[in-house]
Amino acid sequence: MSLLPILCAVLSAPLVADSTFTNLTEPDQIRTFHEVTSRIRCICIPSITIKSCSFNNCTVSAKLKLFIENRIQKGENAETIVNKMVNGFGEDVLSDPVIQKFAESGNTGMVESVVHGFGENILATPDSTWINLSLILAGILGALLIYLYMKRKNPNSAARGSAPDATGKGETSFQKYLSEIEEKQK
């Protein structure tokens, strides 16, 4: 079993992680949605944007995405929404269905943050240093594991290279294998 497909999937995940679903249909609204969600941090995993956050793993961010859609449908532009996420939307936002759901479920902290603002920390300015370092370390570890696996599988291959084997006939291990099979079939 090759580790290469797994390694490729792990390393390519950041390339596909930047997509998100929206119910909006107008191209301008969709662009606004993507702009806002790429500028706001995920509530559950602050090292990624809310745009990259998976709907299945983070229900708070999923609901905030719906809230952002509602604000866009009310005609607010990206800059206004981002500014209000930082500084607060005010008491009139309590009539929004998403905020009402937060209140009904007892998530008063989220309601307060939307009304009064999350502050500058909601802005997506993730430091990619740790992410890049983690990916590099994962790649090195993967390459090391592949090397150790190959070495364990055939310990003499590195030392032997293409030199003749111990019998002096110069047969490769594959040729030996084929000749053994032919002998057993006789």
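This is a predicted model: local features need pLDDT of at least 70, side-chain atom pairs count only at pLDDT 80 or more; totals for chains, interfaces and linings use all residues.
By salt bridge I mean a side-chain nitrogen of Lys or Arg within 4 Å of a carboxyl oxygen of Asp or Glu. Residues are numbered from 1 along each chain as its sequence is written, and side-chain values use heavy atoms, with hydrogens and water left out.

Why are Arg-39 and Glu-35 about one helical turn apart? Because the two lie four residues apart in helix α2, residues 27-39. Helices here are DSSP runs of H or I with at least four residues, strands are runs of E with at least two, and both are numbered from the N terminus. Arg-39 is partly exposed at 26% relative accessibility, and Glu-35 is partly exposed at 38%. For these classes, buried means under 20% relative accessible area, exposed means over 50%, and partly exposed lies in between, with a 1.4 Å probe and protein chains only.

The structure holds five salt bridges. In another of them, Glu-76 pairs with Arg-71, with the closest N and O atoms 2.8 Å apart; both of these residues are buried. Glu-76 also meets Lys-84 in a salt bridge, at 3.3 Å from N to O. Glu-76 counts as buried because its relative accessibility is 13%, whereas Lys-84, at 25%, counts as partly exposed. Salt bridges with shared partners also connect Glu-35, Arg-39 and Glu-79 into one network.

Let me turn to the overall architecture. The protein has nine helices and zero strands. Of its 186 residues, 27% are buried. Taking contacts as heavy atoms within 4.5 Å, residues 24 or more positions apart account for 62% of those with a separation of 6 or more. The protein exposes about 12,400 Å², and carbon and sulfur atoms supply 58% of that area; accessible areas come from the Shrake-Rupley method with a 1.4 Å probe, and for residues only the protein chains shown count as cover.

Next, helix α5. Which residues are buried in this helix, residues 97-104? They are Val-98, Ile-99 and Phe-102. Seen down the axis of α5, the buried residues fall within an arc of 100 degrees, so they line one face of the helix; the arc is that of the directions from the helix axis to the C-beta atoms. These buried residues pack against α3 (59-73) and α6 (108-116). The face turned away from the buried side carries the exposed residues Lys-101 and Glu-104. Just after α5, Gly-106 takes a positive phi of about 85 degrees.

Finally, the surface. Trp-130, Leu-133, Ile-136, Leu-137 and Ile-140 form a nonpolar patch there, with about 550 Å² of accessible area together. Patches are made of residues with over 30% relative accessible area and no salt bridge, where like charges are joined within 9 Å and nonpolar side chains (Val, Leu, Ile, Met, Phe, Trp, Tyr) within 5 Å. Trp-130 is placed in helix α7, residues 128-153, and counts as exposed because its relative accessibility is 59%.
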